[in-house]
Every structure is written in structure tokens, then in C-alpha cells.
Amino acid sequence: MLYEAIKKLVQYGIASGLTPASEKIYTTNQLLSLFHEDSYEDVPCDSSSLVLEDLLRKLLDEAVSRGIITDSITYRDLFDAKIMNCLVPRPEQVQREFWEKYRISPESATSYFYKFSQDSDYIRRYRIKKDRKWKTDTRYGALDITINLSKPEKDPKAIAAAGKAVSSSYPKCLLCMENEGYAGNLRHPARDNHRIIPLTLDNSEWGFQYSPYVYYNEHCIVFNRKHIPMKINKQTFTRLFDFIRIFPHYFIGSNADLPIVGGSILEHDHFQGGRYTFAMAEAPVEIPFILKGYEEIQAGIVNWPLSVIRLRGSDTQRLTALACHILDKWRGYTDKEAFIFAETKGTPHNTITPIARRKGELYELDLTLRNNMVTDEHPLGVYHPHEELHHIKKENIGLIEVMGLAVLPNRLNHEMELLKEYILEGIDLDSNPETSKHAAWVKEFLPSYTDVTKENIGYIIEQEIGRVFCRVLEDAGVYKCTPEGRNSFLHFIETLS
């Protein structure tokens, strides 16, 4: 059984392009070593169907039966990365292949590396397929909704073992260069099969990789070689433009650099990008304006639930200068009537979430105004999903959500199934803690549907979740999409000239 599984996996490596045919014996021996096996027999087997998930499952079952690993998702994930590392090239080989492809075109390079990241099982395709995805039409365009089902929850055995394990600060975080080839442990995911492409942005060293969870097509992460905190400044804009000069078919953006409105990893400077068109990118400019001294740059307020200024021009240095001017003004801007305060008790509140892209011959930069104030009424943030929406989305609104993609918690998948059952059967939603949190919301939207059936109930719930996400984005907007909100927004614009 082991010999057949190893033979098939080596064949997979050769067929996918991960492993040169000339390294067949070497790769076989590396895999035998992992399983503490001294001998090998070239057994006959059917190699017409080489499904990686099936091949790995058989090898992991064998590792469990031999007592090499404990039978749990955490230990399996640590070991399958070791298995795949026997097939994948060393980092320098991947980098050389990437830049050779780049000579053909930037698209050829990224297509190669994206496929490699999936074939190597760094991106576990068979898990990503489980994610639940749909779109909801709103007044701002079609929002993307996703329920993350691909990230496995840690099992109790692993959690208990991790509590007893010696803590380590290496690598410092999941975005550090030191993750490349790192074996991982119970506290840190395995990265044996992980490869990084070095980049130079604004004369500094950065790394380029894909997200293992791929929330959208070619979801990439670009991170500073140094483990330094996020900071939005002139260098940020320069680096964003440098990146899209290298990869003009990608967009690139940064989370804000303050808690609540920032991303989940504020301690390591990084961007996220990819090859996907979000609703935000297609949203039109609602109110164009011209700024004194920057007349050649097209500027305007975007028709979007968050408060976005869009800049378009051909000169990235001029765009950077204007972006810095807007950022500096916003950092120090207070409008008590609009409930915007630059700082309270010395704590700064204003920052920006920037996104850059190419539009034909022009560069486009969206600057999303953010504010992280809290109050007694809204302890998690004034410009954060309000409490009545927490049954759907409670987490921070970072870059991905800002652009119009909801990343919703795993729990919702099960709760949606319960809601379908309870609504169709007429069961009281308050009778179950998992559905009671949704009771007020269901009572709000259900009367608007005259025909609720087994066939359409799933679609109805999905669309209503999408509408809640739209309200989440509106909560995150510092200026609301109302006449009063637009007037207040224009008051800030007036300070820029």
C-alpha cells in the first residue's frame, strides 16, 4: 500500500511539473525516509487518476498506522507539508523559474506561481472548494459574500498539546520571511512546501506569496522583509505603485494602520492584492472635484458605502504627493458636528485604507477614510458593524471587506441550515441559542416574501445576509451616503485646496 501510494505521488509530482522526471528516484527515496522505510518495490499501479487529496489521505493514514503521527487534523497538516516538500523545488529554483516566465509576461510569471502554490498543496484546493460563495446586488453594485469553510479548526488534542509546548518567537509571525520551509508546530502552521518570490519596492526588500486561503482569484500577500508594524505614509503609496508597475494586471492595497479599522496582523507591514475586480473598483465617481495645485489629476467621491476618494492620473509621483496631502489633512481633521475627531486624550483616530490599480494607461488610487473612535454606545467602534448586525458580522472591516467582499465566520454555515429548517417548519427561532440571535432579523425581512419554499429559502437567506453586509459597510463609512453625509464629506474636501 505504501509503495503504491508513494509511486503515485511521485507520478503526480512529475505530471504537475513540480518534480523533474530525472529526480524520480531521489524523490521516492525522500518519501521512503519520511515513513522510516528502508526498502522499496516498484509495484504496478494505475496512474491514470492522480488526485492529490486522495493520495495524501492514503499516505497520512499510513503514517497514523505506523505511529509516526497522531490521527488529528493538526498533525496531519504538519505531516502532509513534509510529504509535499519532497516533491517541490528548492526556493532558488522557483524564483529562477518565476523570473524566466516574467520575461514572457507578468501574467505568465504569476500564473506559473499561482499554479505552483496550488499543485504544491500550500493552497489546499480541495478545502478552498468548500467555501460558500455568492453575490448580492445592492445600490452600490454586486457584493461578494463568502463563508470561510476551508480553514480547519484545531482539534482538542492539538490544543491541549500546544498548551504544554514551549513557546517560540520564531518565526515572529505568519508573514515573516522565516516561514519559507519552516516545519511548523502545534502553534504555527507547517510551511515546508511554502515558497516566496523576493521583490524590491521603493528600494527595500519585500516578499511575494499567495494566501493559503485564497478569498478571491490569485489572492496574494506582499510583505516587508523586516518584521515592522503597519504604517500608512508616503512610502506606502510609492510601494503600491511600484508593485502595479511590476504586475499591472493586479490590484494592490493596504489595511489601515490603526486597531479596529486595521487588519488582523498589524505588527507586520504588508499588502494584499490579486487578479480580481471587486464591486468597489467598478463603483463610479459620484461627485467629481478638482484640487488646487493638482489640476491634472482626476479626483472625486466614489458612490460606495464607505467614504472613498478616488484619484486618477498618469504620473505616480504626483498621485503620491496628492495622496500624502490628503492623508496628512485627514490625520489632523476634526468635525464635531459629523462626530469625527482626529484624536482623543492623545490617541489618534484617523487613517486611510488605500487601494491602487491600473485602468488602461492611467493609475487609479482609492483612499478610504477610516476612523476608529469608540463610545459607550459603540465600544467596538463607532465606524464598525453596529451591535444589531453582529449576528452576521462582528469582526473588523479590513481591506478585503472595504472592497466589497464579506469574509463571514464558519458558524454561519450551520446556522443558515438551521434557519432554513426552522423557517419552513415554523419553529420558534428563540427556542435555540444558535437561531435566537437571528430572530429579530428574520422577523424584519421575512414578511416581504410572499412565497417561501424549500426551493427558494436558501437563496432568500443568502441575499438577506448580503444586504446585512451592505449595512455593515455603511456602518463603517465615516460619512454616510445621505445629503447630510455628503455635505460633511465635501466640507473635508474643501480643506484640501
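This report walks through a few features of a predicted model.

Let's start with helix α1 (residues 2-16) and helix α3 (residues 52-65). Their axes come within 10 Å and cross at roughly 145°, and the crossing of α1 past α3 is left-handed. On the α1 side, the contact is made by L2, A5, I6, K8, L9 and Y12, while α3 brings L52, L55, L59 and E62. Sorted by class, this contact has 8 nonpolar and 2 charged residues, with no polar ones.

## A span from the UniProt record

An unreviewed UniProt entry lists residues 245-421 as "domain: Galactose-1-phosphate uridyl transferase C-terminal". In the model, this span is 21% helix and 29% strand, and its end C-alpha atoms lie 51 Å apart.

## Helix α11 and its neighbours

Next comes helix α11, made of 16 residues (316-331). From first C-alpha to last, α11 reaches 22 Å, close to the 22 Å expected at 1.5 Å a residue.

Its buried residues are T316, L319, T320, L322, A323, C324, I326, L327 and W330. What do the buried residues of α11 pack against? Their partners are the helices α9 (234-246) and α17 (483-494), along with the strands β10 (308-313), β13 (350-359) and β14 (362-371).

## A closer look at A476

A476 counts as buried because its relative accessibility is 0%, and the cut-off for buried is under 20%.

Leaving aside residues up to four places away in sequence, A476 touches L306, Y383, H384 and I397. Of these, H384 is 92 residues from A476 in sequence, yet the two are 4.8 Å apart in space, C-alpha to C-alpha.

Conventions:
Residues are numbered from 1 along each chain as its sequence is written. This is a predicted model: local features need pLDDT of at least 70, side-chain atom pairs count only at pLDDT 80 or more; totals for chains, interfaces and linings use all residues. Side-chain values use heavy atoms; hydrogens and water are left out. Axes are lines fitted to C-alpha atoms, for helices over the stretch in contact, and angles run from 0 to 180 degrees between N-to-C directions. Helices (H or I, at least four residues) and strands (E, at least two) are DSSP runs, numbered from the N terminus. A crossing is left-handed if the near helix is turned anticlockwise from the far one by less than a right angle, and right-handed if clockwise. Contact means heavy atoms within 4.5 Å. Ala, Val, Leu, Ile, Met, Phe, Trp, Tyr, Cys and Pro count as nonpolar, Asp, Glu, Lys and Arg as charged, and the others, Gly among them, as polar. UniProt positions are given in the numbering used here, feature names are shortened, and annotations may be inferred rather than shown by experiment. The expected span of a helix is 1.5 Å times one less than its number of residues. Buried means under 20% relative accessible area, exposed over 50%, partly exposed in between (1.4 Å probe, protein chains only).
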